[in-house]
Amino acid sequence: MKLLLVEDDSRIAKLILDGLSEDDFVVEHAINASTGESMAALEAFDLLILDVMLPEGHEAGFLLARRLRGNGNKTPVLFLTARADIESKLEGLDSGADDYLAKPFDFRELRARIRALVRRSKGESRNQIRLPVGYVLDLIAHEILLQGQPVALTPREYALLECFALNPNRAFSRSSLIERVWQSQSEVELKAVDVFVSTLRRKLSDQIIETVRGMGYRLGRLG
């Protein structure tokens, strides 16, 4: 998935670039609106992440989004900005953006919003993610469905599978999964991950999660 980040603050840009690259996103970076506009015209991106306040002015991001839409660019746009007031949010959406997220932000939410926007642009349901063997993960109902019928999972089993589903090409180490799914429960042992993966495989399918030797686990292949 290829993204374009337009952000003039080098510290924030590095934080975003480092965070997203860990999830196998390919992210190009522009430090101002004019460079971002040129890059968006020359390359095909899956998503544009724009700051509002750029070197060209306090509303340069809004103006950039309007120019892109006026030139026929239909790439999804996500504003990521410190301007959190409702007027700015409304202006951002009215300028042609698809979503608006205020700083400071949670990286889990940013990743989820990025994937939802890209799925929507490709004609997929923004609330559902296809899984191997015909299963579907419903992000709104927090359920796993098979042929439209929910499959009984515990909240922790669902959370683990959702983590894989939101990052389908990424292999997670056991410690990384504990950090994401168990969060503050640092006393959880690594073998707990193996137990939950085994349970999901037993309840759903051996193909739902695959083992990546020397790395950990990732979502199984579709098809």
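**Backbone, packing and rings**

Guide: Val 133 lies in the loop between strand S6 (128-130) and strand S7 (135-138). Helices (H or I, at least four residues) and strands (E, at least two) are DSSP runs, numbered from the N terminus. Before we go on: this is a predicted model, where local features need pLDDT of at least 70 and side-chain atom pairs count only at pLDDT 80 or more, while totals for chains, interfaces and linings use all residues. Residues are numbered from 1 along each chain as its sequence is written, and side-chain values use heavy atoms, with hydrogens and water left out.

Visitor: What's the phi of Val 133?

Guide: Positive, about 60°, although Val 133 is not a glycine.

Visitor: And is Val 133 buried or partly exposed?

Guide: Val 133 counts as partly exposed because its relative accessibility is 41%. The cut-offs are under 20% relative accessible area for buried, over 50% for exposed, and partly exposed in between, with a 1.4 Å probe and protein chains only.

Visitor: Where's the cis peptide bond?

Guide: From Lys 103 to Pro 104, with omega near -5°. Pro 104 belongs to the loop between strand S5 (99-102) and H5.

Visitor: Back to S6. What does Gln 128 touch?

Guide: Gln 128 lies in strand S6. Leaving aside neighbours within four places in sequence, Gln 128 contacts Arg 119, Val 136, Leu 137, Asp 138 and Leu 145. Contact here means heavy atoms within 4.5 Å. Gln 128 is partly exposed, at a relative accessible area of 31%.

Visitor: New topic: Arg 111. Buried or exposed?

Guide: Buried, with a relative accessible area of 9%. Arg 111 is in helix H5 (residues 107-121). Beyond neighbours within four places in sequence, Arg 111 is in contact with Gly 19, Leu 20, Asp 23, Asn 167 and Arg 180.

Visitor: What about Trp 182 and Phe 196?

Guide: Edge-to-face too, with ring centres 5.3 Å apart and planes at 85°. That pair links distant parts of the chain, with Trp 182 in helix H7 and Phe 196 in helix H8, 14 residues apart. Trp 182 is buried at 6% relative accessibility, whereas Phe 196 is partly exposed at 21%.

Visitor: Which residues do ring pairs link into a cluster?

Guide: Phe 62, Phe 79 and Tyr 100.

Visitor: And Leu 153, where's that?

Guide: In the loop between strand S9 (149-151) and helix H6 (155-166). Leaving out neighbours within four places in sequence, its contacts are Ile 144, Tyr 158, Leu 161, Leu 200 and Lys 203. The C-alpha atoms of Leu 153 and Leu 200 are separated by 8.4 Å, and the two residues are 47 apart along the chain.

Visitor: OK, zoom out. How many helices and strands?

Guide: Eight helices and 11 strands. Buried residues make up 47% of the 223 residues. Of the contacts with a separation of 6 or more, 53% are between residues 24 or more positions apart.

Visitor: What box do the C-alpha atoms fill?

Guide: Roughly 55 × 35 × 35 Å along the principal axes.

Technical notes: Phe/Tyr/Trp six-rings, centres within 6.5 Å; stacked < 30°, edge-to-face > 60°.
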